Amino acid sequence: MSRRSSDPDSNAKGGHVPGENDANPDAAGEQAPEAEASDAAPRSRGARTASGADTTGADASDPQRPSDHFDSAPASGVVSPKLGVVGWLRWAWRQLTSMRTALVLLLLLAVAAVPGSLFPQRSADPNGVTQYQADHPDLFPLLESVQMFDVYHSAWFSAIYILLFISLVGCILPRTKHHLKALRSRPPRTPVRLGRLADHRATTAHVDADEAIAAATKQLKASGYRVERYDTDAVGSRPAVKSVSAERGYLRETGNLVFHAALVGVLIAVGIGGTLKYTGQRVVIEGTTFVNTLLDYSSMNRGQFVSEDALEPYAMTLDSFDVTYQPPGSNAMSQAGDFAANVTITHPGEEPEPGVVKVNEPLQVGHDSIYLLGNGYAPTVTIRDADGEVVYEDSVAFLPSGDAQMTSQGVIKVADGLPEQLGLVGFFYPTVAELTTGAYASQYGDLLNPLLTLDVYAGDLGIDDGTPRNVYALDTDGMDKLTGRDTDRESIELAPGDTADLPNGMGTITFEDETPEGADDSIGMTESVKRFASLQVHHDASAPWVLLFAVLAVLGLLTALFVPRRRMWVKATEGADGVELEYAGLARGEDPTLRAAVDQLADKHLASLGVEEHPPTR
Amino acid sequence: MPDVAALDTYSVILVWTAVAIYTLSFIAYAVDLSKRSQESIEVKDAVRAPAREKVGALNAASASSVGTVTRAAASSAVPAGAEPPKRRVFARIGTALAALGFVMHLAATVLRGVAAGRVPWSNMWEFAMTGTLLIMAVYLGVLFWKDLRFLGTFMTGLVTVLLASSSIFYVEIVPLMDPLKSAWLVIHVFVASLGTAFLALAFGLSVVQLMQARRERLAVVAAENGEEPKRSFLRTLPSAEALEGLAYRLAIIGFIFWTFTLIAGAIWAQDAWGRYWGFDVKEVWTFIIWVLYAGYIHARATRGWRGTRSAWLAIVGFAAVIFNFTIVNMYFDGLHAYSGL
Ligand code: HEM
């Protein structure tokens with residue numbers, strides 16, 4: 001506090017005490033009519049008057065706040081920027097880093113996030129987007145043009161959060177600088193008229209003023225306050241005044257800064273992490289192995305800085321897949337659970353290691369995490385030509401169509417060995433039942449009474465020219481349907497172990513029974529069909545950093561919101577009938593416990609001096 | 001081995017008992033409010049006494065009792081809460097009934113948990129049961145700290161309506177789905193409900209704050225025109241500014257719990273779905289709510305936004321909380337498909 005009040009009045013009023021009147025609530029109250037007129041809350045007015053009435057309304061140890069913070073004094077008059085580029089830039093920067101801008105940007109961010117929950121998003125639900133396009137062909141192009149299906153990567157959403165974070169950084173930096181300085185500053189001078197403060201207590205006692213203040217200083221210091229003595233000698237009619245000024249709670253601002261900086265940290269960690277992470281998906285059938293290379297994934301997303309050979313070349317075999325179903329007759333019949341993919345991991349040149357992937361319990365392999373996303377059945381099918389030669393033998397994953405009873409759909413493509421290419425499209429029912437309409441449905445998720453139904457298409461599969469095709473879909477353009485509805489042959493229906501003829505004498509198809517030797521088949525053919533697990537391999541080094549910054553944010557938030565920042569004064573004024581002892585406190589920010597703190601300070605101090613107070617005066 | 005279905009039936013019976021008792025509590029509190037309205041006429045002269053003028057950094061709400069708050073600007077025209085200590089018989093009855101209802105409600109929730117053999121917050125019915133229980137617990141708990149019984153009608157009304165209408169969410173006890181078998185279910189969902197409870201109380205205070213601010217404005221106008229202030233139960237309540245301070249303090253507690261919910265959810269998502277953030281609808285709405293309340297906290301610190309405007313933000317924020325629980329759970333597709341419906 002090196003400012004000097006230049007107000008002539010305070011000099012005129014009975015002797016100027018150097019340096020004291022700039023912290024004088026009495027004088028300030030008279031000098032600052034604009035504070036009286038403003039609609040600011042009484043507390044903010046008090047805060048300002050007690051710390052002097054200069055134009056910023058704050059002193060050096062106050063946290064720095066944007067100029068439109070309710071605690072800073074309203075700017076005097078209209079601030080129009082000085083002409084010139086620099087002036088305008090400075091003005092624009094001030095606007096961007098103001099509280100109001102931060103607030104508006106926050107609200108905009110909230111509003112802008114809403115459409116992403118109303119429309120399907122490509123990143124989370126690509127099929128939903130395709131479906132939406134099919135359902136709303138007219139609306140789609142319009143929505144697409146404003147990036148409604150990529151809201152969180154859209155130009156407008158990015159603009160909002162980038163502006164917010166620029167504003168945030170622009171806000172944090174000067175405040176941090178200021179705060180570092182404030183951490184070294186001394187508590188402000190004791191106001192002349194402590195009685196003007198709301199939380200004030202006074203009593204008169206026969207004690208030694210100097211000793212009383214020394215004791216108070218010690219007491220305040222012991223309870224974590226930074227203290228400073230301000231004594232003035234008697235001048236003219238003014239008595240000698242001994243006082244201690246104390247301040248605590250700098251951590252509040254530290255917490256606020258840590259919180260805001262941690263938000264920047266989260267964003268940076270997420271941003272950098274995105275360029276370095278990869279996520280691949282792969283369906284693995286029991287008994288098969290996949291190798292962690294780009295080629296072996298059915299889909300792979302990787303950040304722009306993930307190189308082709310970044311993947312660790314381990315192999316993973318799905319040995320078996322466990323699942324249990326709630327038994328028939330229970331409340332949640334057919335609900336599946338306790339999924340576990342039992343795998344063997346082999347790093348090149350090392351011993352194979354067993355592992356388990358469960359929901360909520362990803363398996364760590366090196367720096368990758370392997371997740372279990374889904375599961376289903378993979379019927380094993382053998383196709384022979386008219387001569388009985390095997391032309392096709394494979395387990396094919398049939399994807400569950402979404403019901404708990406695990407009705408599944410799949411496609412078998414036979415490219416070679418037969419007179420024509422064949423595509424077989426069909427359903428798999430783990431426990432089949434015939435509806436009254438004659439259609440089939442699955443009644444239960446486990447393999448009690450499995451059935452595979454297939455329709456045969458012959459012609460060109462469209463895979464010879466190297467075009468990548470979805471293995472789970474059949475493009476029937478250019479193919480003839482040979483069985484099923486609209487043809488004169490029934491669909492093929494197979495239980496495990498059954499064989500049926502293909503149309504036109506092309507050969508036979510067998511649904512292999514995979515039941516191992518000696519299995520218990522008393523409740524059904526529960527091991528007759530292989531299962532598959534849909535696994536996701538995920539690599540993201542940013543996650544621990546994001547977590548670290550998030551935890552810092554919470555810690556900062558708790559400190560910023562709950563550490564009280566307050567000033568306390570104890571003053572001893574020598575008078576004719578003893579020493580007047582005054583105690584006062586001033587809150588900086590929300591502080592509901594200030595009054596109690598002042599009382600506690602006074603009680604303890606008076607007790608230590610051996611003063612009995614009757615009756616306490618306020 | 002207790003009979004699961006029987007325990008669950010007792011639980012449901014207890015829920016309806018609690019609803020009935022809450023309804024009685026609501027009525028008692030409503031009678032209290034109407035009595036306050038009457039008193040506001042009687043206390044009028046008393047509060048016309050010269051108001052204390054004190055400059056201070058005192059947060060209005062921090063006055064040791066809400067009754068001693070002074071407002072320098074319009075205190076003579078706006079007698080706010082200068083209420084002499086009164087024995088509020090009906091408020092006491094209301095609180096006693098609310099506490100009794102709470103005990104039934106707690107028993108119902110515990111029984112449901114015992115019957116299911118897990119925490120009773122893993123489908124919509126249970127979320128509603130536990131969530132409203134926590135709202136009541138926070139309200140009753142806060143009464144030890146501040147006399148907020150004037151919110152009694154509001155809180156018991158809210159809880160009665162939410163609890164009774166959530167019976168449409170009722171489902172029988174079924175085993176947990178795999179993704180829910182996690183310690184994070186216990187933490188994440190519980191903290192979310194606890195946060196919601198604080199935000200609900202803050203919401204109630206913000207609504208009363210808006211009503212009080214309006215009355216104060218009108219009272220100033222009336223005083224300028226030399227008219228008598230209207231009778232209103234609001235005259236016996238703390239000033240708008242004191243209400244705002246209370247609302248703010250409850251809201252920041254709720255906000256901290258919500259922040260924790262967001263982070264715990266992300267950690268859980270990392271375990272269950274293989275990524276900590278994926279803009280799933282529920283994630284998006286949790287984020288929107290978080291941002292709205294961050295906006296509210298900022299608004300309270302921004303000149304021109306304190307008071308009525310920031311109160312509106314708190315109200316919008318809580319509307320989003322309710323939306324997130326009901327509409328998002330029921331009608332929006334997403335990975336959080338655990339409503340049990
Ligand atoms: C990413 C966006 C932001 C979020 C989520 C956010 C959130 C918060 C929260 C939760 C608080 C209350 C906790 C505390 O006091 O530390 C707060 C306070 C504060 N924020 Fe931010 N903030 C953001 C951006 C900004 C920006 C851009 C500014 C600068 C203009 C800013 C300035 C402040 C100030 C000055 C306070 C203290 C308010 C007071 O005195 O009570 N914030 N912010």
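## Salt bridges

A:Asp455 and A:Lys481 form a salt bridge, with their closest N and O atoms 3.9 Å apart; the term means a side-chain nitrogen of Lys or Arg within 4 Å of a carboxyl oxygen of Asp or Glu. Because A:Asp455 lies in strand 19 (residues 451-459) of chain A and A:Lys481 in strand 20 (residues 479-481) of chain A, the pair ties together parts that are 26 residues apart in sequence. Helices (H or I, at least four residues) and strands (E, at least two) are DSSP runs, numbered from the N terminus. Over all chains, the whole structure has 24 salt bridges.

The model is predicted: local features need pLDDT of at least 70 and side-chain atom pairs pLDDT 80 or more, while totals for chains, interfaces and linings use all residues. Residues are numbered from 1 along each chain as its sequence is written, chains are lettered from A and ligands numbered from 1 in the order in which they are written, and side-chain values use heavy atoms, without hydrogens and water.

## Contact between chains B and A

Chain B brings 60 residues and chain A 68 residues to the contact (heavy atoms within 4.5 Å). The buried area is about 5,700 Å², with 64% from carbon and sulfur atoms; this is the accessible area (1.4 Å probe) that the two parts lose on being put together, summed over both.

Between chain B and chain A there is 1 salt bridge. B:Lys181 and A:Asp338 meet through their side chains in a salt bridge at 2.9 Å, N to O. On the side of chain B that touches chain A, helix 7 (240-273) and helix 8 (281-300) of chain B each give two or more residues. Helix 7 of chain B gives the most, 15 residues.

## Iron site

A:His260 (NE2) and B:His298 (NE2) coordinate the iron atom of the ligand at 1.9 to 2.0 Å (donors are N, O and S atoms within 2.8 Å of the metal, or 3.2 Å for Na, K and Ca; water is not among the atoms, so sites may look incomplete). The pair crosses between chains, from A:His260 in helix 12 (residues 250-276) of chain A to B:His298 in helix 8 of chain B.
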